[in-house]
Amino acid sequence: MQRILIVGGGVGGLALANRLSARLGRKRKAEIALVDHSPMHVWKPMLHEFAAGTAEPSDRGINFPVQARRRGFRFIPGTLTSIDRVSNSIEVALPRSSAQHGNVRRFEFDRLVLAIGGRANDFGTPGAKEHCLLVDDLKSALALNDALRAEILERAFSNEDIRIAIVGGGATGVELAAEIRKLIAIGSSYGIDHLESLLKVTLIEANERILKAFDEVSAKRVEDKLRSLGVRIECERRVTEVDAAGFVFSDGRRIDAALKVWAAGVAAPPALKTLDGVELNRSGQALVDEHLRVQGTLHIFAMGDCCSFMPRGEDFPLPATGQVASQQATFLATALAAALDGRALPAFEYEDRGGLVSLGMYGGFGSLPNKGFVPEILISGRWARFIHPLFFRAHMFQMLGFWRGALSWLRDTITAWLHPGIRF
Ligand SMILES: Cc1cc2nc3c(=O)[nH]c(=O)nc-3n(C[C@H](O)[C@H](O)[C@H](O)COP(=O)(O)OP(=O)(O)OC[C@H]3O[C@@H](n4cnc5c(N)ncnc54)[C@H](O)[C@@H]3O)c2cc1C
């Protein structure tokens, strides 16, 4: 049997493991294995809710070993530390160990798919690593939540401003700012009624406007909404240094904040650097060809945020979004099945299905692209806030199947009635 190894069980990787298991694993055409250093899959576009404490990961996550048993793939817990394209093998450091401690295992493959996602990119800004919190994965989102709750409690009882500054006016920074506002609104409803007046959130963006990846009209509506919620937006501000008190800009001005969050840029995890003789871009992402094969390799594929795919005739690579990762997972399930049957690899074609930024209970804003005779449609308003949760539900139905997906929805609805809506 062919061995297909997928590293990273996120938005793209877990969808691919499920599809390949159904397509090849159950027919015993291939052995599918998934490696991930986290014990639980979480839908990354929801991380800002875990960071704000308005959603619980234990309710929303999918346990990898359980999913593997149900879908018929093998789960290998651990961190990818190196890739050898000559011997077609990878090294994985087992949980609670490190490469230095020697607790590393080698796994051979016939096909490897890298789906290890991305993280924020501080572009080497001095002080960023030491002083900034992140929303990169579940661990960092929960660390941010711990710091946030401690800060809120301390300031609320001493009646001081809660100063939070977020670098990055992309979807992550924008959605986090709105979710923190929601946390404070719910917190106020539990009796600390002066909380809202203490919150001072600043969103810092290097470009001339926030949400550069979205259409201008939606970005403007989001900006207006955030301002109406009291969020200060500072565009064309390049951070040159971070210290314990706040952010320093290129023009010498500064913004002080007790909680500093870095949510700008995309960088691929360092494990890709071990791929000898393979070109990576400035963000450390692997360059892939039209089959999503890592350039310069034969049997190694990459998808989602850890790769850079340039569509034919375009000037810019595809953005790092869940939509891209999902479409690439669907494509690779078909492409790898074709490869195993000895057929030619198809070429990946991306279809832009629009974008949506969710401001949680404050609404959603986005657009559906123009298609043939149908012009571009702008989506906005309070009802649009239900679309983002529907994406999450669609993802859960796909991962868990119809009945488990429906039951988990019912359980979450009941939990929402019984629980306070924020983590105390
Ligand atoms: C707060 C937030 C909001 C967002 N909102 C949206 C949105 O509204 N719409 C949208 O389209 N996109 C959104 N995104 C972006 C979207 O989440 C990502 O583009 C998408 O998750 C990328 O999928 P992926 O499969 O490439 O990686 P991920 O989903 O990040 O998964 C990577 C997986 O790899 C594992 N991993 C990483 N390194 C290693 C290693 N060395 N060894 C083993 N395992 C490893 C991780 O544990 C993880 O399970 C948002 C992101 C954030 C943070």
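The model is a predicted one, and we will walk through it piece by piece.

Strands of a sheet pair through backbone hydrogen bonds, and they can do so in a parallel or an antiparallel way.

Now let's zoom out to the whole chain. The protein chain has 12 helices and 22 strands. Its C-alpha atoms fill a box of roughly 65 × 55 × 50 Å along the principal axes. As for the interior, buried residues make up 42% of the 424 residues.

Next, the ligand. How many residues surround the ligand? There are 35, and the closest are G8, G10, K44, G117 and G304. Sorted by class, this shell has 15 nonpolar, 15 polar and 5 charged residues. Several elements each supply at least two residues of the shell, among them helix α1 (11-25), strand β2 (30-36) and helix α7 (171-189). Both domains take part as well: the shell draws at least three residues from domain 1, which is 2-119 + 266-340, and at least three from domain 2, which is 128-262.

One of the strands that supply the shell is β6, residues 79-84, and that strand leads us to a sheet. Here we have an open sheet of 3 strands in the order β6-β7-β8, with antiparallel pairing. Strands β6 and β8 (104-108) stand at the edges with a single partner strand each, so one side of each is left without a neighbour in the sheet. On average, neighbouring strands of this sheet are turned by 25° against each other, direction ignored.

Let's follow the pairs across. Strand β6 is joined to β7, residues 89-93, by 5 bridges, and L80 stands opposite V92 in β7. Another 5 bridges join β7 to β8, where the bridge partner of A93 is V104. Is β8 buried, or does it lie in the open? Of its 5 residues, the number buried is 0, so β8 lies largely in the open.

There is another open sheet to look at, also of 3 strands, in the order β13-β14-β15 and with antiparallel pairing. At its edges stand β13 (239-243) and β15 (254-256); each has a single partner strand, so one side of each lacks a neighbour in the sheet. Neighbouring strands of this sheet are turned by 15° against each other on average, again with direction ignored. Strand β14, residues 246-249, pairs with β15 over 3 bridges, and F247 stands opposite I255 in β15.

To finish, a few single residues. F157 lies in helix α6, residues 138-158. It is a phenylalanine that counts as exposed, because 9 other C-beta atoms lie within 10 Å. F157 and R111 are 46 residues apart in sequence and 57 Å apart in space, C-alpha to C-alpha.

Then look at N159, in the loop between α6 and β10 (162-167). N159 is not a glycine, and still has a positive phi of about 60°. L292 also has a positive phi, near 65°, without being a glycine, and you will find L292 in the loop between β17 (286-287) and β18 (300-302).

Which of these is buried and which is exposed? N159 has 9 C-beta neighbours inside 10 Å, so N159 counts as exposed. L292 has 23 inside 10 Å, so L292 counts as buried.

Notes. Residues numbered from 1 in each chain as written. Predicted model: local features only at pLDDT ≥ 70, side-chain atom pairs only at ≥ 80, totals over all residues. Near = placed C-beta within 6 Å. Helix = DSSP H or I, 4+ residues; strand = E, 2+ residues; numbered from the N terminus. Nonpolar A, V, L, I, M, F, W, Y, C, P; charged D, E, K, R; others polar. Domains from an automatic or database assignment. Pairing = 2+ DSSP bridges. Axes fitted to C-alpha atoms, helices over the stretch in contact; angles between N-to-C directions. Buried ≥ 20, exposed ≤ 12 C-beta atoms within 10 Å, placed from the backbone.
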